[in-house]
Amino acid sequence: MTPFDKPVYVTAPLLPPLEAVTARLADVWASGWLTNNGRQQELLEAALRAYLGVPQLSLFNNGTIALFTALRALDLRGEVITTPFTFPATPHALAWSGVTPVFADIDPVRLTLDPARVEEAITPRTTGILGVHVYGIPCDLDGLQQVADRHGLKVIYDGAHAFGTRVNGAGIGTFGDITMLSFHATKLFHTAEGGALACRDEAMRERINQLKNFGIIDPETVLSIGLNGKMNELQAVLGLAVLDCLAEEIDRRKALLQLYRRALGDVDGVTMVEEPPGIESSYQYCAIRIDEARFGCSRDDVHRALMNHNVISRKYFFPLCSDYACYRDLPSADPARLPVARTAAMQVLCLPLYGSLPPETVQCICDIIASCRGGAS
Ligand SMILES: *Cc1c(COP(=O)(O)O)cnc(C)c1O
């Protein structure tokens, strides 16, 4: 097999027709209003509330700032239990806010926080749980909520991967106290940079809106220590145009995932990471696991073989956050306490998935993977 001429990246941003964006931009220009509760962000917020099936939503300039704001809105202090198998933004949001991240191990199938491990990690300083719906696969929502209820803890979800995920029909943003979404360009739905918080009641949304605008409640009253987390009108315009293209993008991704499933289905030692029954996927990632003992070569070997063919797969998530220099000295970061997460981090690989990816390319990628079997590449 000859390498691809141009790199095949793991994702490509969904670009709506430029005319669709400029048409909406004309409205912004006519209004002379670029940010602070503009018309476009109002339109996007309403459209996303309906799309996601959440009662309350607040848009942000990015997902990380949204996560900071969620922690502040719930007044979390002391220790918060989280997963090491995630993107750096998750533990960073805690540490940056003066909260100690406490890593707990994950479930071997879902790859999300294991409620039993969470319960073991609770101390008198624990105030909350920060779960991550990895690859859009929901955490054990009931299990985590039961632990939280038994110990009086708040639950925040990092739903950056879970835009559009539904659990028996319910929007993923209706679980826990607050759910963060990311609209970064690498995510399925995006506003170049952007994000949101979903919550259940109006009072919490008011609090969030206040915190994302410096804590200002009127021109002469600043009530709390806020920051600047507002989404601007240009981001909102892009989001509205992207939203119009989403159904088609998802259909294409569904077909590509079906191709991957078929082509990799009988490769012994390679499994696709997929959601359990009753879950509507976010179609955001194509993650596989490589069991070296059965497959005959390692995840790193496959990653390298793909790279040699100009296919840029991602070891997402490797290394674990608990292995970062800034966290590895925490008692909870001890690798011996996180065996399931360590194994997952050694086995997972995210493969290219985006609507404009040609089906033939998917077939080639699967052929390259299959050819690694037994160490022959
Ligand atoms: C993308 C991502 C974030 C960060 O979101 P930004 O919008 O880029 O700030 C946080 N957590 C996870 C799991 C992510 O994938």
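1. In which loop is the place of Asn-310? Asn-310 sits in the loop between H10 and H11; helices (H or I, at least four residues) and strands (E, at least two) are DSSP runs, numbered from the N terminus. Asn-310 is not a glycine, yet its phi is positive, at about 70 degrees. Most residues other than glycine have a negative phi, and most peptide bonds are trans.

2. On provenance: this is a predicted model, in which local features need pLDDT of at least 70 and side-chain atom pairs count only at pLDDT 80 or more, while totals for chains, interfaces and linings use all residues. Residues are numbered from 1 along each chain as its sequence is written, and side-chain values use heavy atoms, with hydrogens and water left out.

3. The loop between helix H10 (299-308) and helix H11 (339-347) also contains Phe-317 and Pro-319. Tyr-316 and Phe-317 are joined by a cis peptide bond with omega of about 15 degrees. A cis peptide bond also joins Phe-318 and Pro-319, with omega of about -5 degrees.

4. Asn-37 is another residue other than glycine with a positive phi, near 50 degrees. Asn-37 belongs to the loop between helix H1 (18-31) and H2. Its relative accessibility is 58%, so Asn-37 counts as exposed (buried means under 20% relative accessible area, exposed over 50%, partly exposed in between, with a 1.4 Å probe and protein chains only).

5. Helix H2 (residues 39-52) has 14 residues and should span 20 Å at 1.5 Å a residue; the end C-alpha atoms are 20 Å apart, which agrees. The expected span is 1.5 Å times one less than the number of residues. Buried in H2 are Gln-40, Gln-41, Leu-44, Glu-45, Leu-48 and Leu-52. They cover an arc of only 130 degrees around the axis, which puts them on the same side of H2; the arc is that of the directions from the helix axis to the C-beta atoms. Exposed Arg-39 and Ala-50 are on the face turned away from the buried side of H2.

6. Pockets and cavities were found on a 1 Å grid over the protein atoms alone: a cavity is a set of points where a 1.4 Å probe fits but cannot get out, a pocket is an open set with protein on both sides within 12 Å along at least five of seven lines, and lining residues have an atom within 4 Å of a point. Grid points are joined across faces, edges and corners, and a volume is the space filled by probe spheres set on the points.

7. The largest pocket has a volume of about 590 Å³. Its lining has 34 residues, of which Phe-87, Thr-186, Lys-187, Tyr-285 and Tyr-316 lie nearest the centre. Domain 1 (18-241) and domain 2 (246-375) both give residues to this lining, so the largest pocket lies between them; the domain bounds come from an automatic or database domain assignment.

8. The structure holds two cavities of 30 Å³ or more. The largest cavity has about 50 Å³ of space, and its lining includes Leu-52, Val-54 and Arg-166. The second largest cavity has about 30 Å³; among its lining residues are Asn-37, Gln-41 and Lys-212.
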